[in-house]
Amino acid sequence: MTNSDFPGSELTSALSEPITVSWQSPSNIALVKYWGKTGRQLPVNSSLSITLSKAFTETSLTALPRKTKGSVDLDFWFEGTQNAAFGERMTKYLQSVTDIFPWLAQVNLKLETHNTFPHSAGIASSASAFSALALCLCSLDTELNGIMLDETEFRQKASYVARLGSGSACRSVFPGFTVWGKSKALTGSSDLLAVPVTEFHPVFSTLRDSILLVNKKEKAVSSTEGHKRMIGHPFAEARIKQATKNTADLLEALKSGDKKTFIRIVENEALTLHALMMTSDEGFMLMYPETVRIINRIQEIRKETGLDICFTLDAGPNVHLLYFEDQIEQVNKLIVEDLLKNNEQNMRIDDFYGKGPVKIG
Ligand code: DP6
């Protein structure tokens, strides 16, 4: 599949009045991590994530009449104010997908977006932001050009388009568990777009994720920069092998309801991600002492109590505590009385297994 598999067409007649479409799209947290890319935003290894529920971006995209054709003309609003820095990334992205949506150069665009989670909380927002925008682009394509796709094709195209904005965003287009990147363990999986995992034990739909905030500052090294450090990384080959096996084993554990294997792989992936950062040519560390303290406590408590809890990390210092609905009360007590007891931020965001993006209006 290439961009030409999603042929775009220009508008045959000029737009006479504004058309707005809106989507709400959630964030996701990777359980097997995408780390390292090649070509036009293609992953070097397969990844597997869970789409969340409460942390989402709401985006409205309006196409307005325009007299002359030219480059992308975007009026960008983030959380109610015009934001030049974000606007620039969005404009660049829209310009890069004019081969799929040629009409982007024939209309003026207004993009309004806001998140349900605080922007300053250090929670990754590119996955929800780019998946919401990609869904809006595909919906506008239907409105403007009458391109009718069935639900499956529509989501596939949105995932493909989201990937071009931010790799992890392609996984947010689907509910629950999704895989991005070719894996022999999952039929239909692809480097070009994410696919939903349809076979999993019902216990995994009761998965919860409490994000324990450690530091809200902007990261010293962005994910995009981190991916670059995988080029020529001394452990690159071993990492690809490991991610391939972890994807296959995690898919199997999801299917059989094997929580112990789930916990082992999820923590292995989180620690590997950060180990790869530390051991890259220009090594860097995104964990804080408080991150290390919390993850040590999670492992100790699991041993002491037998609770089915584990942690994952994205490319930052905040800890995602994963657990299951049936232990919500014990875990809640644990967070308040132990994990966050002496934490300066004392802030958490409770999220859970999500049902995927929703079209608004
Ligand atoms: C550590 O998708 O944010 O969260 O493709 O450059 O936008 P770009 O990177 P991004 O990378 C996410 C990295 C990760 C792991 C993951 O989500 O799989």
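Predicted model: local features only at pLDDT ≥ 70, side-chain atom pairs only at ≥ 80, totals over all residues.
**Entry 1. Contact between the domains**

On the side of domain 1, 33 residues are in contact with 44 residues of domain 2. I then noted the bounds: the domain assignment places domain 1 at 3-199 and domain 2 at 203-352. Taken over C-alpha atoms, the centres of domain 1 and domain 2 lie 26 Å apart.

**Entry 2. Buried area**

I turned next to area, since the size of an interface is often given as the accessible area lost when the parts come together. Between them, domain 1 and domain 2 bury about 3200 Å². Carbon and sulfur atoms account for 71% of that area. I also asked which residues of domain 1 lose the most area to domain 2. They are Leu31, Lys33 and Trp35, which together make up 26% of what the domain 1 side buries.

**Entry 3. Polar and charged pairs**

I searched the interface of domain 1 and domain 2 for salt bridges and recorded 0. For polar contact, I recorded 11 residue pairs across this interface, with both residues of each pair at pLDDT 80 or more.

**Entry 4. Elements on the domain 1 side**

I listed the elements that give two or more residues to the side of domain 1 touching domain 2: strand E1 (19-32), strand E4 (47-64) and strand E8 (177-180). Of these, E4 gives the most, with 7 residues.

**Entry 5. Residue classes**

Finally, I sorted the residues on the side of domain 1 that touches domain 2 by class. I counted 21 nonpolar, 8 polar and 4 charged residues there.

Key
Residues numbered from 1 in each chain as written. Heavy atoms only, no water. Domains from an automatic or database assignment. Contact = heavy atoms within 4.5 Å. Buried area = accessible area lost by both parts, 1.4 Å probe. Salt bridge = Lys/Arg side-chain N within 4 Å of Asp/Glu carboxyl O. Polar contact = N/O pair within 3.5 Å; in protein donor to acceptor, adjacent residues only side chain to side chain. Helix = DSSP H or I, 4+ residues; strand = E, 2+ residues; numbered from the N terminus. Nonpolar A, V, L, I, M, F, W, Y, C, P; charged D, E, K, R; others polar.
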